[in-house]
Amino acid sequence: MVWFSPSGNVASTRRDRSGVFFVRALVTFLLAYTTWVWAGLRPSFHWVAVAVSAILLAGFFVEGRWTAWRAVRGDPVFFLGLAFVGYLAIQWLNAGRTQYFDVGYQRWMYMPPRWPGWPWAFAKGDAMQMLTWFFPAWTIAVVIRVRKLDRRDLRGFMTFLAYNAGLLAIFGLFQFAKGGQSIYWIQPLKGHFFASFAYGNHVAPYFVLAGGLSAGLLYREIFDVRCSSPDRPSSLRLCHPWRVAALLSVFVLCLVAANLGYSRAGVILAGVLTVFAAGYGWVRGWSVLSPAARLNFAALSLAALGGLYFTVAGLGETSLRKEFSLKPATPDKIRTLWDRVDLELGGRPQYLRAAFDIWREEPWFGVGGWGYKYLVATHIPEKFWPVLDKRGWANVHCDFLQFLAEFGVVGFGLLAGALAVMVREAMDSRRCRRNAFWTMGMAGLALVVVFSLVDLPFRCPAILYTWVALLAALPQICPAANANGSGKNRENGWTLRATAERGLRPGRIPA
């Protein structure tokens with residue numbers, strides 16, 4: 001089995017295609033399994049995803065041999081990610097700080113790490129969970145970035161992710177309508193859950209991300225000029241009407257599911273995505289569509305918005321109204337405007353300050369994976385200690401500060417460096433900015449980042465892996481023009497050919 005051609009692109013031979021199918025199947029299974037099985041948050045189940053990632057990475061190097069090495073040796077994401085995974089491994093090896101009561105200081109303290117001066121963690125199980133979260137994410141990024149899949153395969157992969165999210169939304173709606181108190185009808189949960197997400201605030205970022213992905217694919221189908229007639233290029237003749245119907249349904253389902261996560265921030269971001277998607281469609285469509293096609297597009301938009309509104313209102317109006325109502329409090333607790341803000345934010349400001357103080361104590365290597373929960377009580381007033389027993393407050397609810405406190409400048413720098421390279425490549429193309437899929441995909445990615453400032457989407461493997469996969473795929477689905485101009489010669493070749501054959505102007509190709 002040969003996975004690479006000498007030029008680094010997927011070859012057209014049967015053996016090459018079998019290798020591509022194997023890679024695509026494993027990556028697809030990895031993402032589907034993670035999203036459907038507890039969103040990757042149950043360690044006992046998540047080992048399947050880790051094993052698949054190991055097989056995928058091993059096959060990548062064993063079968064590719066020197067060609068695989070040549071494909072990654074110039075990729076900074078590969079080395080930064082490898083260094084970060086190694087960093088997490090050191091934290092795991094140096095974990096195990098036992099708590100004891102110091103009689104002299106009259107306070108609880110922790111034993112020093114086995115190797116002072118090296119990265120450490122409080123518990124091996126906690127440190128291992130960080131490894132099992134980020135190793136598959138790194139594998140997904142590497143496999144997609146080294147062009148294991150060509151653009152057609154990547155589009156098919158992105159389409160699968162959209163349909164997978166739609167099916168997950170249907171499952172969640174069915175579960176929601178049945179009114180069960182047990183996730184999968186097996187495990188009872190006290191808090192709100194939806195579909196495979198046991199934590200309600202993980203629902204919105206995943207489905208907002210999937211909604212941006214499906215909207216990009218939808219607009220690509222709507223604005224595809226290959227099926228336009230030569231004399232009426234703006235007649236909105238759809239090449240694949242059933243695809244448009246399916247993708248529109250997925251988009252609406254994702255927005256409905258995002259609202260039913262009952263997160264204020266999530267509902268707001270879902271609304272932002274809805275307004276942005278509708279505005280983008282009208283701005284791009286107005287200049288290329290005929291009056292009749294504009295009317296059809298308006299009907300399609302109103303039908304989608306109407307279906308979204310009535311579905312959400314019918315299923316969750318009461319809970320959503322409660323979510324946006326002011327939280328009840330006695331007058332002695334609300335003395336200033338800041339007290340009200342702090343109450344509405346669930347006490348997040350004090351936990352943000354605690355995370356920042358914890359980072360200042362261990363600025364370089366941090367306090368290890370999940371280390372925040374061991375130290376937060378010593379950095380907030382004692383009157384707030386009973387709140388720490390509440391489910392969820394082992395997290396800062398700000399991914400940036402939690403990763404900084406737990407990984408330190410060194411670990412967080414490696415992680416942020418790899419992401420910065422991927423973001424720069426995704427942004428490095430003027431041509432991409434006229435691509436509907438790129439625009440809506442970037443919108444979904446950005447909204448999840450905004451959500452991570454007030455919650456913890458990147459501490460959910462299902463969201464993390466989907467986010468990384470989309471970010472890694474965007475530059476290849478819409479290639480950036482590189483230094484030698486090869487990207488300019490490659491861009492959207494099938495569309496340019498179709499345009500030449502039909503006598504249409506390339507400037508009218510919006511997607």
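Biologist: Which residues form a nonpolar patch on the surface, with about 260 Å² of accessible area together?

Modeller: This is a predicted model, where local features need pLDDT of at least 70, side-chain atom pairs count only at pLDDT 80 or more, and totals for chains, interfaces and linings use all residues. Residues are numbered from 1 along each chain as its sequence is written, and side-chain values use heavy atoms, without hydrogens and water. Areas come from the Shrake-Rupley method with a 1.4 Å probe, only the protein chains shown counting as cover, and the patch is formed by Trp69, Phe79 and Leu82.

Biologist: Why does Trp69 count as partly exposed?

Modeller: Trp69 sits in helix 2, residues 43-72 (helices are DSSP runs of H or I, at least four residues, numbered from the N terminus). Buried means under 20% relative accessible area, exposed over 50%, and partly exposed in between. Trp69 counts as partly exposed because its relative accessibility is 34%.

Biologist: Is Thr34 buried or exposed?

Modeller: Thr34 belongs to helix 1, residues 14-36. Its C-alpha atom is separated by 8.4 Å from that of Tyr465, 431 residues apart along the chain. With a relative accessible area of 1%, Thr34 is therefore buried.

Technical notes: Patches are made of residues with over 30% relative accessible area and no salt bridge: like charges are joined within 9 Å, nonpolar side chains (Val, Leu, Ile, Met, Phe, Trp, Tyr) within 5 Å. A salt bridge is a side-chain nitrogen of Lys or Arg within 4 Å of a carboxyl oxygen of Asp or Glu. Helices (H or I, at least four residues) and strands (E, at least two) are DSSP runs, numbered from the N terminus. Buried means under 20% relative accessible area, exposed over 50%, partly exposed in between (1.4 Å probe, protein chains only).
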